[in-house]
Amino acid sequence: MNTNEEKKALVKQRYSELALNSDALKSGCCCGTSPATPSKKVFTIMSEDYSGLKGYEADADLGVGCGLPTEYAGIKDGNTVLDLGSGAGNDCFIARAEVGEKGKVIGIDFSPQMIEKARKNATKRGYINVEFIEGDIENMPLPDNSIDVVVSNCVLNLLPEKDKIFKEIYRVLKKGGHFCVSDVVLNGVFPKEFTDNASMYAGCIASAIQKDDYLGEIEKANFSNIKIERTKTVVIPDEVLLEHLDESTIEKYKRGNVGIYSITVTGVKS
């Protein structure tokens, strides 16, 4: 798992498996499509409770986010909203409740299984102003200056080329448009054995970069009014560490005292 393409392929595989197995996982089964598939615990240790939000659809919530970006996104009636890494459609359906019938919500995901699941969820509810597109968020199949608000929930840290992602967000936003993303960042460095672990990478943990570097990529993409709206400390339960790492690696990780945080960040295209 050394190249960027290998990392993206790993993430795509694991989240496709999650989509295929989500019904079984919701019923309490932690089995996947192969012995190497991690239990759902590694994906859900940072999840938030969406159930009280308008537009919430339980079967679209796979519990794999790390924040509530729509809460801080300032979405208005009639907006066109883009959700990066839209999964089964959870954040898209929350956003749809805010844009109203005159607005539009677009979800992009590179997992065909997730796109299929999201489209089924939208069709089942008769939503005609929610669209799901299969595509790479490092190279979005969308025109320039076409989006009012971009949201994303615990997705951007999974992809290796953050510089490309934020430049793409800037490109598709209209002038005066803005983004709100929830993501995982670090203060400190994981041991190599930790970052090389496939399950920890796909679970949004080992893939995270330093907080200052993350914010620096946003600045380099020319956004203004960059603001951290919310910070939450992430604690990895011992049961998750023991499931995926050997004792030596766990000891190195704990000795390093790495700070792991979920941040919700906003920025404006001036």
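## Cysteines

In this predicted model, the count of disulfides comes to zero. Cys154 has 3% relative accessibility and Cys180 has 0%; both therefore fall under the 20% limit and count as buried.

## Nonpolar cores

The largest nonpolar core comprises 31 residues. Leu82, Val150, Leu156, Ile169 and Phe179 have the most contacts inside this core. Two or more of its residues come from each of the strands E1 (80-84), E2 (104-109), E4 (147-153), E5 (173-187) and E8 (259-268), and likewise from each of the helices H6 (162-172) and H9 (211-220). Apart from this core lies another, of 19 residues, which includes Leu186, Leu241, Leu245 and Val258.

Leu82 illustrates the packing: beyond four places away in sequence, Leu82 touches Ile106, Ile108, Met140, Leu142, Ile147, Val149, Val150, Val151 and Val172. In soluble globular proteins, nonpolar side chains tend to be buried together.

## Helix H11

Helix H11 spans residues 247-256, and its residues Thr249, Ile250 and Tyr253 are buried. These residues lie on the same side of H11, because the arc they cover around the axis is only 100°. The buried residues of H11 pack against helix H7 (192-195), helix H10 (238-244) and strand E8. Glu247, Glu251 and Arg255, on the other side of H11, are exposed.

The N-terminal end of H11 is capped by Asp246, which has a side-chain oxygen 3.2 Å from the backbone nitrogen of Ser248. Just after the helix, Asn257 adopts a positive phi of about 50°.

Notes. Residues numbered from 1 in each chain as written. Predicted model: local features only at pLDDT ≥ 70, side-chain atom pairs only at ≥ 80, totals over all residues. Heavy atoms only, no water. Core = buried A, V, L, I, M, F, W, Y, C linked by side-chain atoms within 4.5 Å. Buried < 20%, exposed > 50% of the residue type's maximum accessible area, 1.4 Å probe, protein only. Helix = DSSP H or I, 4+ residues; strand = E, 2+ residues; numbered from the N terminus. Contact = heavy atoms within 4.5 Å. Disulfide = S-S within 2.5 Å. Arc of directions from axis to C-beta. Polar contact = N/O pair within 3.5 Å; in protein donor to acceptor, adjacent residues only side chain to side chain.
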